[in-house]
Structures are given as C-alpha cells and as structure tokens.
Amino acid sequence: YNGIVASNTGSGALSITANGDVSGGNYGIYAHDDGSGALTITADGNVSGGSHGIVADSYGSTTDLSITTGVGTTITGTSGNGIYARNFGTGATTITADGDVTGGWHGIYARNSGTATDLSITTGVGTTITGTSYYGIRAFNFGTGALTITANGTVTGTSDGIRARNYGTDLTITTGVGSNITGGTIGIYARNFGTGATTITANGDVTGTTGNGIYARNSATSTDLTITTG
C-alpha cells in the first residue's frame, strides 16, 4: 500500500533515510510526527506513489521539518503531489529538491501553519519540477517567519509555475541563471499578506502562457516590493 510509513509520538526525533528506490500504491514515503523532535526525510533514491510521492506531516510540539532529495533522483506522485509537506509544529520547514519532482496535482506543495516559522524551498540546477494539473511549486506560509523559494532549474505548472502566499514576514523568490519557469496561466504568482518585503529576482526565463509572466502584490501591512530580471 505504502512504500515506507513512519510515525512518532515520543520525545525524540523522526528521521527517514532512503538510499534505494521506494514505491507504494498510495504513498511512496509517509511520515507523521507528533513528537517533540525534528522530522527529517532524506531520499537518495527514486520515490514513487500512486497518490503522493513523499508526504510529511509535523504536529504537536515538533520542531523543524526537513525534506531533501538527492541529485539524479526522481520523485513522483502520480495522482497527487510529488512532495507534500505540512508543518503544524513550532519550527521551520525546509525542502531541498536536487532531483526531478513530478505530481499529478503539484510538483512540490508546502504549507506552514500559524505556529510554524520559516518556509524554504530550493530546487537544484538542472532539475525539473512539474505540476501536471495545477502548480509546479505551491507554497503557503501562515507561520511567523519568511517564505523563500529558490528555483535553479525548470519549473512547470499547468496553472502557475510558482505560486506563493505569505502571511509571515518577508517573501523572496529567486530563479537561477538558465532557469525556466512556465505557467499555463501565470509564471510566478506572489502575494504577501505579511509584515515584510517582497523580493523577486528572475535570472532566467519566466513565462505566463495566458496570463502574467510575473504577478506580485503586497498587502497594506507589507513593506517594499522589488522585482529584478537578470
């Protein structure tokens, strides 16, 4: 049913390291942490799930949530998300994808609750992140910290390439030299409802097929808004 399932309700950390390929009819890797320590997933092999590829849920008094995928790996969620992370704990969420990620819905979907802090997503050079039905990268930060997205490869979404909403402090989106961000509607969508600045630096191509290449908007509570293209 699932490739790897791990649950923690104790006082320690929950750590999963997959050095080989993992597959499941539902989830490739599923981790649920109600403990007081950090939740860490490292995938150095391919991971595939009939629904989601990698799912990580952090609850209770847990601290940081971290997902890292290795160079050359492929993470696939056939009918759901490639990587799906939800942090209801008290720490930061960090996703580092150094391989390709594909989801039937979103490539990477990460969400911080109001008790969490920073949310950071980084994709490696030469990687391809694909959301077949919706967004390549989708990030919601309801936490108290910053939302940071760094895309160094190709990101493609049937709706938006990158879609980011921030209710914390700063919102920063950076795309690397040679990167390619493409949305069927909008290339990069950024809304900052937080108390900090919005900064978008596009060092590669950004395309909104039927909409805007880059759409950025600050709320009345936010500060500066800066867009730079390389």
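**Asn8 and its surroundings**

User: Which residues does Asn8 contact, leaving aside its neighbours within four places in sequence?
Analyst: Contact means heavy atoms within 4.5 Å. With neighbours within four places in sequence left aside, the residues in contact with Asn8 are Ala13, Leu14, His32, Asp33, Asp34 and Gly35.

User: What should I know about the source and the numbering?
Analyst: This is a predicted model, where local features need pLDDT of at least 70 and side-chain atom pairs count only at pLDDT 80 or more, while totals for chains, interfaces and linings use all residues. Side-chain values use heavy atoms, without hydrogens and water, and residues are numbered from 1 along each chain as its sequence is written.

User: Is Asn8 buried or exposed?
Analyst: Buried means under 20% relative accessible area, exposed over 50%, and partly exposed in between (1.4 Å probe, protein chains only). Asn8 has 12% relative accessibility, so Asn8 counts as buried.

User: Which side chain makes a polar contact with that of Asn8?
Analyst: A polar contact is a pair of N or O atoms within 3.5 Å; within protein, one must be able to donate a hydrogen and the other to accept it, and residues adjacent in sequence count only if both atoms are side-chain atoms. For the side chain of Asn8, the contact is at 3.1 Å and the partner is Asp33.

**The fold**

User: How many helices and strands does the protein have?
Analyst: Helices (H or I, at least four residues) and strands (E, at least two) are DSSP runs, numbered from the N terminus. The count for the protein is zero helices and 26 strands.

User: In what order do the nine strands of the open sheet lie?
Analyst: Two strands pair if DSSP finds at least two bridges between them. In this sheet the pairing is parallel, and the order is E2-E5-E8-E11-E14-E17-E20-E23-E26.

User: Which are the edge strands?
Analyst: An edge strand here pairs on one side only. That applies to strand E2 (14–18) and strand E26 (225–229).

User: Which residue of E17 is the bridge partner of Ile121?
Analyst: E14 pairs with strand E17 (residues 147–151) in the parallel sense, over five bridges. Ile121 belongs to the covered face of strand E14 (residues 119–123), with Leu119 and Thr123. Its bridge partner in E17 is Ile149.

User: Which residues form the uncovered face of strand E14?
Analyst: Thr122 is the bridge partner of Thr96. Strand E11 (residues 93–97), too, is joined to E14 by five bridges in the parallel sense. The uncovered face of E14 holds Ser120 and Thr122.

**Core and overall size**

User: Which residues touch the most other members of the largest nonpolar core?
Analyst: A nonpolar core is a set of buried Ala, Val, Leu, Ile, Met, Phe, Trp, Tyr and Cys residues joined through side-chain atoms within 4.5 Å. The largest has 40 residues, and those touching the most other members are Ile54, Ile67, Ile108, Ile149, Ile162 and Ile173.

User: Which residues does the second core include?
Analyst: This core is separate and has five residues. Among them are Tyr30, Val55, Tyr84 and Phe140.

User: Why does the radius of gyration agree with a compact globule?
Analyst: The radius of gyration is taken over C-alpha atoms, and the globule rule is 2.2 Å times the number of residues to the power 0.38. With 230 residues, the rule gives a value near 17 Å, so the protein agrees with its 16 Å.

User: What percentage of the residues of the protein count as buried?
Analyst: The total covers the 230 residues of the protein. The buried share is 51%.
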